[in-house]
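Subject: Structure handover

Hi,

Here is the structure I promised to send over. Please open it next to this email; my notes follow below.

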Amino acid sequence: MDRIAITGGAQLNGIIPVSGAKNSAIKLMAASLLTSEPLRLTNMPRLADTRFLGKLLTRLGAHVDEREGLDGSETVLHAPEITSGFAPYELVRQMRASFNVLGPLIARTGQAKVSLPGGCTIGARPVDLHLQALEALGAKIDLHEGYVYAQAPRGLKGAEITFPFVSVGATEHAMLAAVLADGVTRIHNAACEPELLDLQICLNAMGAKVEGAGTSTITITGVAKLHGATHSVIPDRIEMGTYAVAAAMAGGEVQLTRARPELIDSLLVKLEEAGAGVIRTEDGVIIKRNGHRLEAVDLETQPYPGFATDLQAQFMALMTTAKGESRIRETIFENRFMHAPELMRLGADISVSGGEARVRGVEQLEGAEVMATDLRASVSLVIAGLVARGETTVSRIYHLDRGFERLEEKLGACGAQVRRIKGEPESDIDHD
Ligand code: UD1
């Protein structure tokens, strides 16, 4: 398995272009199953997760063509026919969001057999809300031997769907299924994440009638058919936030471009509170810190527009060397502090109790061998390694490759000493 080695101590200075959002791209790719015409997605990130989903879509009958376009990487997805409605366990378990092909398959063909995704390291992550939404739309759902068997032979029907709590995946899934339903669907207590709005824009470009994404009520008026479209994937706010934290950690001055800083306001405010310089620009943000130590600040993760759970691990890494004690509360996932013991191997002073971590800043971290446990945790270890004395090696970086495009290259271009050490290929990866 590959590892990443970081020699700490170098400041970061330079420009980092932000890629298209992974979490948006994979839902947009699933939307291609809703039409027999080609969907062209530009500003596509090239990641392990998009590759996994591409493999599954191909198996279902789509042609997936990755190209270099004028606006960076693009993928053309074309499913003239759904040749199979079967999404097997070995493909779904590699990437949980693959489960979101279920809704489009039922909407387009009236039936599907899709594997349940199973657990993952950051929590149980059930899909009960996804299934409730599809049942409300009239699908008959049966669970056998780890598979969801879904049927709607006479098509889906518009419905009122009220989620008991906010779920990004379930909201997206309901939207993907309802666009071809007969009648009007209203989703109450919908997630407001920017990726929902991106999905709305793409679906509407395909001929759907969706309104309200980005607010807590989404209204979908079903249409009989969708057509092809071209859509540019929204910039990745989590990647942008990650490099913003990395720059604040290492010091120096980094300009993030091709980005939307308003999407990470809750992080930028915390960075300013901690003492980092934050300058919003037309297509991104400049983050700088010159020598002085940051102050500890507290945070609590919340659904958008609150502080993103996907940036919690990175911010914890930042707090390990800040002055004072930071309290970090995780409210979205029950087991999302797996990075804390690894950061402690680097000399961080952290105690975890239930959903709260207390981080007492130390003057200096020390390089060590550490292990990535999930996607965002893995990048928090790289961030800590940027300032740890000596060398830090992070193993199990297949997690990192799922969500960060050309990470060593992007950080290296700003002066970080980061290199990939090639290892044996992984035979059986357990992806969260
Ligand atoms: C998405 C993001 C992930 C991010 C998360 C929260 C993708 C591919 N992933 O994950 O990076 O961390 O949003 O911003 O977009 N839940 C249930 N039942 C369900 C669905 C969810 O109990 O049917 C729970 C989950 O276990 C979790 C909470 O709801 O505790 C929120 O999860 P959700 O918003 O659904 O996250 P994902 O869509 O899986």
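A polar contact here is a pair of N or O atoms within 3.5 Å; within protein, one must be able to donate a hydrogen and the other to accept it. Seven residue pairs, both at pLDDT 80 or more, are in polar contact between domain 1 and domain 2. Please keep in mind that this is a predicted model.

The domains

Domain 1 takes residues 3-19 + 236-421, and domain 2 takes 22-232. Their C-alpha centres lie 31 Å apart. Domain 1 brings 22 residues to the contact and domain 2 brings 20.

The interface

The two domains bury about 1,700 Å² between them. Carbon and sulfur atoms give 51% of that area. On the domain 1 side, three residues stand out: Tyr304, Arg402 and Glu405. Together they supply 30% of the area that domain 1 buries against domain 2, more than any other three residues.

Two salt bridges run between domain 1 and domain 2. Arginine 237 and glutamate 195 form a salt bridge through their side chains, at 2.8 Å from N to O.

Which elements give two or more residues to the side of domain 1 that touches domain 2? They are α12 (375-385) and α13 (398-403). Helix α13 gives the largest share, three residues. By class, this side of domain 1 has 11 charged, seven nonpolar and four polar residues.

Arg402 again

Arginine 402 sits in helix α13 and aspartate 49 in helix α2 (residues 48-60). The pair links distant parts of the chain, 353 residues apart. Across the whole structure, a search finds 31 salt bridges.

The ligand

The ligand is surrounded by 19 residues. The closest are Asp128, Ser167, Gly169, Asp310 and Ile332.

Which atoms come up against ligand oxygen?

- Asparagine 23: a polar side-chain atom lies 3.1 Å from an oxygen atom of the ligand.
- Valine 168: a polar backbone atom is 2.7 Å from an oxygen atom of the ligand.
- Glycine 169: a backbone N or O atom lies 2.7 Å from an oxygen atom of the ligand.

Best wishes

Definitions and conventions. Residues are numbered from 1 along each chain as its sequence is written. This is a predicted model: local features need pLDDT of at least 70, side-chain atom pairs count only at pLDDT 80 or more; totals for chains, interfaces and linings use all residues. Side-chain values use heavy atoms; hydrogens and water are left out. Domain bounds come from an automatic or database domain assignment. Contact means heavy atoms within 4.5 Å. Buried area is the accessible area (1.4 Å probe) that two parts lose on being put together, summed over both. A salt bridge is a side-chain nitrogen of Lys or Arg within 4 Å of a carboxyl oxygen of Asp or Glu. Helices (H or I, at least four residues) and strands (E, at least two) are DSSP runs, numbered from the N terminus. Ala, Val, Leu, Ile, Met, Phe, Trp, Tyr, Cys and Pro count as nonpolar, Asp, Glu, Lys and Arg as charged, and the others, Gly among them, as polar. A residue is near a molecule or strand if one of its heavy atoms lies within 4 Å of it.
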